[in-house]
Structures are given as C-alpha cells and as structure tokens.
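The structure is shown first, and the description follows.

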Amino acid sequence: MTVPNVLSVARLAGVPLFAWLLIGPRADGWALVVLVAGGITDWADGKIARLLNQYSRFGELLDPAVDRLYILVALAALGIREIVPWWLVAVLVARDLVLGLCLPILKARGYGPFAVIYLGKAATFVLLYAFPFLLVGAGSSPFADLCRPIGYAFAAWGAAVYLYTGVLYFAQFVRAMRLPPPPRDEG
C-alpha cells in the first residue's frame, strides 16, 4: 500500500458519508467538507505519487473510479433534491455506463483501459467544482444568489465537456475494435 493509494482509499470511504450527508440529514455544510477533503486528497495522491515515484496499477484504476463515484453520488443526490434536472443526471450517468461497458470488451480483446484524455480530467474537475456551488445556491445563505448561477454555469460547462470527452473515449473504443487485437504477451 503506497501513500497515494491510502489517500485514494480514504477518499473512497468518504463517498458513502457524502451520500448520506446529502440525502439523509441534508447536512450540506458537512457534505461540502467531505467533498473538499476528497478534492484535496485527490490532488495530494497525484502529487505524492509523482514526488515519491509511487505509481501502481491499483492507484491508476482506483483514482478515476472514486472520481466517477463522487460524480454519480452527487448527481443522484442533486437529482433527488431537485437541484439539477433528472435528464442531466441520466445523460451523464449513461455516458459512464456506456464507457464502463466498453472496458470488459477492450480487456477481452487484449487492450487496457482507455488512454486518459487531459480534457476528461478537466471535465471531471469542473463538474466536481460545480457541486459545492449548486449546494450553496440551493440553500438560504446570503451567498445562495451568487452561487446558484456560478454552479449552473460550471455544471453546464462541465457536462458539455464531460459528454464531449465521452465521445472521444468511445472513438478510442471504436478504433480498437477495428484493429486486430494486440499480440498477447506469453511471458
């Protein structure tokens, strides 16, 4: 277990807490604290991995999976609370489901997961950045009127880029399906 992996596992443990805080007691302030802590540990695990040269296949898979879980949980909670429309939740979740269904097909053909696109990371960041603004904007604090349009702007921008990168990832899948499978390493 490397330090970055420990941080990713801790971030993963925050997902159910985040969901419960949003949907159960609607403790938005504490949910924001968990989300911010998740963002800080997400940044830190990548920084530490590069600094200490502590890369692992487990970390490569876990980090984006936890990002997807935070997005899924936040979208579901914001949909349940009617802060974002359900059609948006459905479209963004469908993007991840389609790409997730491509992964076992790629693996069966001898390919690894999708090559990461920097724009995809940016889209994830923007969506995760939108959620705190949307939560504050849905409340009654003095900042709600300021945060609401900022949250919707980040959500629209993030969703558009998220969907666009979904198309780019799917294009990787289509290209891989058109090529002969890579030679298997028998060693």
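## The enclosed cavity

A cavity is here a set of grid points where a 1.4 Å probe fits but cannot get out, and its volume is the space filled by probe spheres set on those points. In this structure, which is a predicted model, a search of the whole structure finds one cavity of 30 Å³ or more, and the volume of the largest cavity is about 30 Å³.

The residues that line the largest cavity are Leu 75, Val 84, Leu 88, Leu 92, Leu 127, Phe 131, Leu 134 and Ala 155. Sorted by class, this lining has eight nonpolar residues, with no polar and no charged ones. At least two lining residues come from each of helix 4, which spans 86-108, and helix 5, which spans 118-138, and helix 5 gives the most, with three residues.

## The largest pocket

The largest pocket holds about 1700 Å³ of space. It is lined by 50 residues, of which Asp 63, Pro 64, Asp 67, Arg 68 and Lys 121 are the closest to its centre. Two or more lining residues are given by each of helix 1, helix 2 (28-52), helix 3, helix 4 and helix 5, and the largest share, twelve residues, comes from helix 2.

By class, the lining of the largest pocket has 24 nonpolar, twelve polar and 14 charged residues, whereas the lining of the largest cavity has no polar and no charged residues.

## Helix 1 against helix 3

Two packed helices are described by the angle between their axes and the distance between the axes. For helix 1 (residues 3-23) and helix 3 (residues 57-80), the axes come within 10 Å and cross at roughly 10°. Angles under 35 degrees count as roughly parallel, and helix 1 and helix 3 are therefore roughly parallel to each other.

On the side of helix 1, the contact includes Asn 5, Ser 8, Arg 11, Gly 14 and Phe 18, while on the side of helix 3 the contributing residues include Phe 58, Asp 63, Asp 67, Tyr 70 and Val 73. By class, this contact has 16 nonpolar, four polar and three charged residues.

## Arg 11 and Asp 63

Which residues does Arg 11 touch, not counting residues up to four places away in sequence? They are Gly 38, Thr 41, Asp 42, Asp 45, Asp 63, Val 66, Asp 67 and Tyr 70. Arg 11 has its place in helix 1, and it counts as buried because its relative accessibility is 3%, where the cut-off for buried is under 20%.

Asp 63, in turn, has its place in helix 3 and also counts as buried, at 17% relative accessibility. Leaving aside neighbours within four places in sequence, Asp 63 is in contact with Ser 8, Arg 11, Asp 42 and Asp 45. Asp 63 is also one of the residues closest to the centre of the largest pocket.

## Met 1

Met 1 is found in the segment before helix 1, and at 72% relative accessibility it counts as exposed, the cut-off for exposed being over 50%. Leaving aside neighbours within four places in sequence, Met 1 is in contact with Val 6, Val 9 and Phe 58.

Met 1 and Gln 54 lie 53 residues apart along the chain, and their C-alpha atoms are separated by 9.6 Å.

Note on methods: Residues are numbered from 1 along each chain as its sequence is written. This is a predicted model: local features need pLDDT of at least 70, side-chain atom pairs count only at pLDDT 80 or more; totals for chains, interfaces and linings use all residues. Side-chain values use heavy atoms; hydrogens and water are left out. On a 1 Å grid over the protein atoms alone, a cavity is a set of points where a 1.4 Å probe fits but cannot get out, and a pocket is an open set with protein on both sides within 12 Å along at least five of seven lines; lining residues have an atom within 4 Å of a point. Helices (H or I, at least four residues) and strands (E, at least two) are DSSP runs, numbered from the N terminus. Ala, Val, Leu, Ile, Met, Phe, Trp, Tyr, Cys and Pro count as nonpolar, Asp, Glu, Lys and Arg as charged, and the others, Gly among them, as polar. Axes are lines fitted to C-alpha atoms, for helices over the stretch in contact, and angles run from 0 to 180 degrees between N-to-C directions. Angles under 35 degrees count as roughly parallel, over 145 as roughly antiparallel, 65 to 115 as roughly perpendicular and the rest as oblique. Contact means heavy atoms within 4.5 Å. Buried means under 20% relative accessible area, exposed over 50%, partly exposed in between (1.4 Å probe, protein chains only).
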